[in-house]
Each structure stands twice: as C-alpha cells, then as structure tokens.
Amino acid sequence: MPKGYWVSAYRTISDPEKLAAYNELAGPAVEAGGGRILARGSRVVAHDAGIAERIVLIEFDSFEQAVAAHESAAYQEALVALSDGVERDFRIVEGID
C-alpha cells in the first residue's frame with residue numbers, strides 16, 4: 001500500500017507566536033495520527049519558482065491515514081491556533097509504493 005505524505009512549504013511566517021502555538025498542538029496530533037516527521041526546518045535551497053522558506057515533510061503508512069490525520073479534531077484545533085500566522089502551500093500526496 002502506498003504511503004501518504006504531508007508536504008508544507010511556507011511562503012511567509014507573519015506571526016511566529018501563532019506558529020509556535022500550532023507546533024505545540026500539531027506535533028502530538030500528527031503522532032496520534034501515525035505520522036513521522038521526516039524533515040522540518042528552514043535550511044532550504046530553492047530552485048525554479050521555489051521559495052527558500054520553512055519546509056515540513058511528514059510520512060504516514062497510507063494516503064488514507066494522512067487524510068484522516070488532517071481531518072482529526074486534534075489537528076483541526078492546531079489549525080485554529082495557526083489561523084493567519086503563516087501563508088503556506090499544504091498538500092497531501094500519495095507515495096509511489
């Protein structure tokens with residue numbers, strides 16, 4: 001069964017305090033949903049139309065598990081804390097195998 005991935009590319013971080021509040025809630029929500037953080041940080045080299053800002057990559061055992069974790073009440077609470085503190089491109093993608 002193909003794995004599922006959350007890919008977040010942050011364009012701007014306008015409120016670091018909201019991001020910190022989100023991180024405190026999102027970490028446990030991701031773990032409870034079966035997610036494993038593979039990359040998180042601001043050390044990025046961007047090419048083409050990319051923006052060298054914070055990137056987060058999280059792996060789940062399946063695409064369905066990744067979607068369910070995003071829809072969970074715990075993660076939705078984290079999103080409320082984040083609100084307009086960042087602008088990011090967030091995607092859930094299915095792995096190849």
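Lysine 3 is partly exposed, at 29% relative accessibility (buried means under 20% relative accessible area, exposed over 50%, partly exposed in between, with a 1.4 Å probe and protein chains only). The model is predicted, with local features requiring pLDDT of at least 70, side-chain atom pairs counted only at pLDDT 80 or more, and totals for chains, interfaces and linings using all residues. Residues are numbered from 1 along each chain as its sequence is written, and side-chain values use heavy atoms, leaving out hydrogens and water.

Lysine 3 forms a salt bridge with glutamate 59, with 3.4 Å between the closest N and O atoms (a salt bridge is a side-chain nitrogen of Lys or Arg within 4 Å of a carboxyl oxygen of Asp or Glu). This pair links distant parts of the chain, with lysine 3 in the segment before E1 and glutamate 59 in strand E3, 56 residues apart. Helices (H or I, at least four residues) and strands (E, at least two) are DSSP runs, numbered from the N terminus. Glutamate 59 is buried, with a relative accessible area of 11%.

The structure holds 7 salt bridges. One of them joins the side chains of arginine 36 and aspartate 61, at 3.0 Å from N to O. Arginine 36 belongs to strand E2, and aspartate 61 to the loop between E3 and H2, 25 residues apart. Arginine 36 is partly exposed at 33% relative accessibility. Aspartate 61 is also partly exposed, with a relative accessible area of 44%. Shared partners join Lys3, Arg36, Glu59 and Asp61 into one salt-bridge network.

A further salt bridge connects the side chains of aspartate 89 and arginine 11 (3.9 Å, N to O). Aspartate 89 is in strand E4 and arginine 11 in strand E1, 78 residues apart. Arginine 11 is partly exposed, at 35% relative accessibility. The side chain of aspartate 89 also makes a polar contact of 2.8 Å with that of arginine 91. A polar contact is a pair of N or O atoms within 3.5 Å; within protein, one must be able to donate a hydrogen and the other to accept it, and residues adjacent in sequence count only if both atoms are side-chain atoms.

Helix H1 covers residues 16-32. Its 17 residues reach 24 Å from first C-alpha to last, close to the 24 Å expected at 1.5 Å a residue (1.5 Å times one less than the number of residues). At its start, a side-chain oxygen of aspartate 15 comes to within 3.1 Å of the backbone nitrogen of glutamate 17. A kink of about 25° lies at alanine 26, shortly before proline 28; the bend is the angle between axes fitted to the seven residues ending there and the seven starting there. Just after H1, glycine 34 has a positive phi of about 90°.

Leu19, Tyr22, Ala26, Ala29 and Val30 of H1 are buried. The buried residues of H1 pack against E1, E3, H3 and E4. The largest nonpolar core has 16 residues (a set of buried Ala, Val, Leu, Ile, Met, Phe, Trp, Tyr and Cys residues joined through side-chain atoms within 4.5 Å). H1 gives the largest share, 5 residues. Tyrosine 10 is in contact (heavy atoms within 4.5 Å) with residues including Leu19, Tyr22 and Val86, leaving aside neighbours within four places in sequence.

Aspartate 48 lies between E2 and E3 in a loop and is exposed, with a relative accessible area of 85%. Serine 83 sits in the loop between H3 and E4. Serine 83 is partly exposed, at 44%.
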